[in-house]
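Please load the model in the viewer and keep the selection panel at hand.

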Amino acid sequence: MDRAGTGTAPRRSAGKTGYSLRCVAAALVLVVSGFSYLVVRDVGGIGSSHAITSGPSTGAQNILLMGLESRRDWNGNILPASILAALHAGSTQGVADGVGGNDTNTLILIHIPAGGKKAVGFSIPRDDWVNFAGTVGRQRAGKIDQAYGVSMYYEQEKLRAQHPDMGQDQLASLGNEAGRRAAVATAEKLTGVHIDHFAEVNLDGFYELATVLGGVGVCLNHPVDDSNSGADFRAGYQHLDASQALAFVRQRDGLPNGDLDRTHRQQAFLDSVMHQLRAEGVLSDLAKTEALLSVARQYVITDAGWNLLDFAAQARDLTSGNLIFRTLPIEGYATIAGQDANVVNPAYIKAIVQATLYPAPSPPRAQHEATTVDVLNGGDTAGLAGRVTAALATAGYRAGKIGDTGYRTTTAVLYGAGTSADASKIATMFSVTAAASASVAAGHVEILLGASATVPNISAPGQTQTPAVAIPATGPQGGAVSTRNGIPCVN
């Protein structure tokens, strides 16, 4: 099968060379939002894709960040051997033979509400098996990271047949545009929300950003040594150079939760970059900021209708720690069409995204509308904390942290100052008694789910109750990345 140009044939088995670079796009967008008002002329060069019709650049908006797995640049040229070596990606001959692809191995959907003071990001694991939308060619389902590469490949095959003399640059440009349309449409179909803008970065951009920043600080719970990614790090806090940062976000093998742990690493990378931006003076260093914007102009692709200057005025505060990451849940693992994949429940994913991004307003005079509920899994059931959060959101409670805690046989409901009444109501849903706790923040209720916990039967005010749906799950739940001293510690 012809693998010339930037497209590669749809994959038939899971490879070991995938990675996600969406965190770099986010970092560059945050750089723009934090400093662009001082360097207007530099920001003007960012944004060149017409793959989607852009939405508003101010007010509430949804932004999809994509990291493209490709051993080629935007013009279809094979990346320099030095970068391929840093990636542990194989030889240039391997690239010519189609090693690697053009997959968006992990995507992140960021919702910025009107005002831009707070934002939430949902990471979408690359192995989620979904029905595609907007793709070119015959393949209608696959891992969500494949929608881009599938469309790019078939679009370029069609163009070669119709225009045998078309140059590599134009083939690459039109192929990438087809891939972007498919990636955005598929993410919209899975999450149920409209995407207003996107930002995309490739491997080259990741390496250049990490180089300009002088590397990143990370924290590992355990030492790792993985020859496939080149990750060889001790446990604890440490500083990684650009090459090591590539290995850090790439590693998949040898991690307890596989690709979900890698997703948390990518979130941790972005958190570390944001820490540098807001706490280490990067945005006050004109030379470094101009270098970062230079990387953005050269390596970042956004939709042409996205006015980054308008966006900057709204989103400048996001580098102050007001961006919270979560990971969309999976139900388990399966082999589908010969590939290792994540089994997901699209209806549930739509429900939790909707409840988090667009919560139904509480009824007038609702006493619990100011209570935030944090839910932590303490059993073996994956995704339960997310489902409990979505159920409580229908009753008007604010969604808080979703994550894991140590194994528990029973459920506990703890509460901070000002939430005793709501805590008592929530505790009755689990047939337990609420208890005050000095470790729970004021205005918060914390639910520690036991092994036998189930989703409570809750309906929004004025609605008829319906039986709760039990969703079986066997895989680990991806929750919020835990942090220590401001730096996320991950597997």
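Select E177 and R180 and display their side chains: the two meet in a salt bridge, with 2.7 Å from N to O. A salt bridge here is a side-chain nitrogen of Lys or Arg within 4 Å of a carboxyl oxygen of Asp or Glu. The model is a predicted one, in which local features need pLDDT of at least 70 and side-chain atom pairs count only at pLDDT 80 or more, while totals for chains, interfaces and linings use all residues. Residues are numbered from 1 along each chain as its sequence is written, and side-chain values use heavy atoms, with hydrogens and water left out.

E177 and R180 are three residues apart in helix α6, and therefore separated by about one helical turn. Helices (H or I, at least four residues) and strands (E, at least two) are DSSP runs, numbered from the N terminus. Are these two side chains buried or exposed? E177 counts as buried at 12% relative accessibility, and R180 counts as buried at 6%. Buried means under 20% relative accessible area, exposed over 50%, and partly exposed in between, with a 1.4 Å probe and protein chains only.

E200 is buried, with a relative accessible area of 0%.

For a network, select R126, D127, K143 and D145, which are joined by salt bridges that share partners. The count of salt bridges by this rule comes to seven.

Next, show helix α5 (residues 146–162) together with helix α6 (residues 168–191). Two packed helices are described by the angle between their axes and the distance between the axes. The axes of α5 and α6 come within 7 Å and cross at roughly 145°. Axes are lines fitted to C-alpha atoms, for helices over the stretch in contact, and angles run from 0 to 180 degrees between N-to-C directions. The crossing of α5 past α6 is right-handed; a crossing is right-handed if the near helix is turned clockwise from the far one by less than a right angle, and left-handed if anticlockwise.

Which residues make this contact? On the α5 side they include Y148, M152, E155 and L159, and on the α6 side L171, L174, R180 and T186 are among them. Contact means heavy atoms within 4.5 Å. The residues of the contact divide into 10 nonpolar, six polar and three charged. Ala, Val, Leu, Ile, Met, Phe, Trp, Tyr, Cys and Pro count as nonpolar, Asp, Glu, Lys and Arg as charged, and the others, Gly among them, as polar.

Within α5, select E155 and K158. They form a salt bridge whose closest N and O atoms are 3.3 Å apart, and they lie three residues apart, about one turn of the helix. E155 counts as buried at 10% relative accessibility, whereas K158 counts as partly exposed at 39%.

Move to helix α14 (residues 420–429), where D422, A423, I426 and A427 are buried. Seen down the axis of α14, these buried residues fall within an arc of 140°, so they line one face of the helix. The arc is that of the directions from the helix axis to the C-beta atoms. A421 and T428, on the other side of α14, are exposed. The buried residues of α14 pack against β15 (372–377), α13 (384–393), β17 (412–415) and β19 (444–449). S431 follows α14 and has a positive phi, near 60°.

From α14, step across to α13. This helix is mostly covered, with 10 of its 10 residues buried, including R387, T389 and L392. Among the elements that cover the buried residues of α13 are α12 (346–357), β16 (398–404), α14 and β19.

Select Y237, found in strand β10 (residues 236–240). Y237 is partly exposed, with a relative accessible area of 34%.

Buried residues make up 58% of its 491 residues.
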